[in-house]
Amino acid sequence: MNKTTMFYGAMLVVALVAPFVGYPLFLMKLLCFALFACAFNLLIGFTGLLSFGHAMFFGSAAYACAHAAKVWGWTPEVAILFGTACSAVIGAIVGTLAVRRQGIYFAMITLALSQMIYFFCVQAPFTYAEDGIQSVPRNKLLGLIDLKSDLHMYFFVLAIFVGGFALIHRIIHSPFGQVLKSIRENEARALSLGYDVDRYKLVAFILSAGLAGMAGATKTLALGLATLTDVTWQMSGEVVLMTLLGGMGTIVGPVVGAGVIVAMQNYLSGFGSWVTIIMGATFVVCVLAFRRGIVGEFEYRILKRRNGGH
Amino acid sequence: MSEIFGVPVQALMGQLTIGLVNGCFYALLSLGLAVIFGMLNIVNFAHGALYMVGAFFSWMLLNYAGVNYWYSLILAPLGVAAIGVVIERTMLKWLYQLDHLYGLLLTFGLALVTEGVFRHYYGSSGQPYDLPEVFRGPIDLGFMMLPKYRAWVVVASLLVCFATWYVIEKTKLGAYLRAGTENPKLVQAFGINVPLMITLTYAFGVGLAGFAGVMAAPVYLVAPTMGSSIIIVVFAVVVIGGMGSIMGSIVTGLGLGLIEGLTKVYYPEASTTVVFVIMAIVLMVRPAGLFGKEK
């Protein structure tokens, strides 16, 4: 068994024991945001595209899933799939528009379109505007297992997270992932080698949007609500920060970043606007002095020591 | 009373002037963004926050120090420009060698901090800024009543926009600036202090945002969120117009303000999203933007 497998195995054991030690609700929120950040990292870290509107996928899937579970009474797995599909469709539309421009414009276009989705959610009748969709039922998994207990729900969320994470891991290490990385490193060269760059970017965008949606939909069932907060530009900023703090382009970085940010929000929730100020300051510090992020810095140190030993 | 497509002329004109006033703010802000992007290659996410700071400065000057509107029209943008100098000298200048994205992320963080600080001290609800005596009441144009302050905002903003255009496109200073945008190393070799020029460009760009903030203070409530709500629309304006041309930013800003005003009259539900819809259409038809050239 190599070190990576051992590491993932140990993490899985920790995740299986965690709900018996910590609060399942908090852990579920953490897993959902970790998956969200991993999905986002697929774009920024492995394709080099900064989407500043990922909340639109997270939020719209949250609404779609909440509607399916509450109004139509669908079972959780189908409701989550429905949410994922909705965000993938939105991802396809937004992606088609956004890949037409590069770099900084890409960020501005995704931000503007996500604001459009936000205003749509403010006005649409089925989102209940300021109130959001509240007390969303978890229903029975496959119509058999009742998820009312937080512990049952936790393991369901963990399964979704592991599935999503494994998929992202697979994508990154596939030939397709290699092409994405080559686009990140040198788009012009990838194009000259005959790769249809825009097509690859679009597929990566849709995958990322769908996975972000899956995270949003799962969050809705775990916490029982979908609100306007899920679609705001602040939420898009949060996921950027999680990824930046954990380490862009590292595989476990976003999970670590999400853990730090979710824990911080939890402990500082009584301080109101201080949360925003601290998040903003973290952004500034990360960009100025800590661009590799926590995991990136860690990997860099290990690599340096290994090379120094030779 | 006469009507146009079932809407009374007075109501239509009222919305159009509001649209024009908004368009002026879009123009001033996207102009500043374009000037900064040209020289620093950074998209200044903090632009909206600094616009809000400009509005708050003028509100503070009036309410804490009794300084009237006319002085704050000069002082508040200068204050914002001073903040700009500090930001550029202490933070942005370390980022020029890196990917453009880091500039966006850093200024986004600054915007969060600024908004958070003002929300901490002033709450989310806005503060009203009393209109100066001269501007109270409307002007009778025969077919409509035009509030004096709106007329002033339009005239003053257009003057500032065109002055900026003139300086950049027609004067020697502007020629240095344009040359610096094209090839900073060469310009430096000619003995021009490029780092100073970059600092002043950033200060000037955010100063414009501060100026727009002072102008906006009597129109809207002075609130911590006023910056973030306008900056996203301004980004869409910038995508539509393309950041390559000064005149393009001005025309696109004004035009979109007017379109927004018209939408408010004929189809109010879409008034918040119309700019984004136009952006999507422009991206499909002309990806480089109306005035942009694809590099």
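Colleague: What percentage of the 295 residues in chain B is buried?
Modeller: This is a predicted model, where local features need pLDDT of at least 70 and side-chain atom pairs pLDDT 80 or more, while totals for chains, interfaces and linings use all residues. Residues are numbered from 1 along each chain as written, with chains lettered from A and ligands numbered from 1 in written order. In chain B, the buried share of the 295 residues is 49%.

Colleague: How many helices and strands are there in chain B?
Modeller: Both are DSSP runs numbered from the N terminus: helices are H or I with at least four residues, strands E with at least two. Chain B has eleven helices and four strands.

Colleague: Which elements do the buried residues of α11(B) pack against?
Modeller: Val275(B), Phe276(B) and Met279(B) are among the buried residues of this helix. Contact here means C-beta atoms, placed from the backbone, within 7 Å. The partners come from both chains: α9 (226–241) and α10 (246–266) of chain B, with α4 (76–98) and α5 (103–123) of chain A.

Colleague: Which element gives the most to the side of chain A that touches chain B?
Modeller: The contact takes 32 residues from chain A and 33 from chain B. On the side of chain A, the elements giving two or more residues are α5, α10 (233–246) and α12 (274–289). With 14 residues, the one that gives the most is α5(A).

Colleague: Which residues of chain B does Ala112(A) touch?
Modeller: Ala112(A) is one of the residues with the most contacts inside the largest nonpolar core, which has 194 residues. Such a core is a set of buried Ala, Val, Leu, Ile, Met, Phe, Trp, Tyr and Cys residues joined through C-beta atoms within 7 Å. Leaving out residues up to four places away in sequence, Ala112(A) touches Ile232(B), Phe235(B), Ala236(B), Val239(B), Phe276(B) and Met279(B).

Colleague: Is Phe283(A) buried or exposed?
Modeller: Phe283(A) sits in helix α12 of chain A. Its contacts beyond four places in sequence include Leu105(B) and Phe108(B). Because Phe283(A) has 25 C-beta neighbours inside 10 Å, this residue counts as buried.

Conventions
A residue is buried if 20 or more other C-beta atoms lie within 10 Å of its own, exposed if 12 or fewer, and partly exposed in between; C-beta atoms are placed from the backbone. Two residues are in contact if their C-beta atoms, placed from the backbone, lie within 7 Å.
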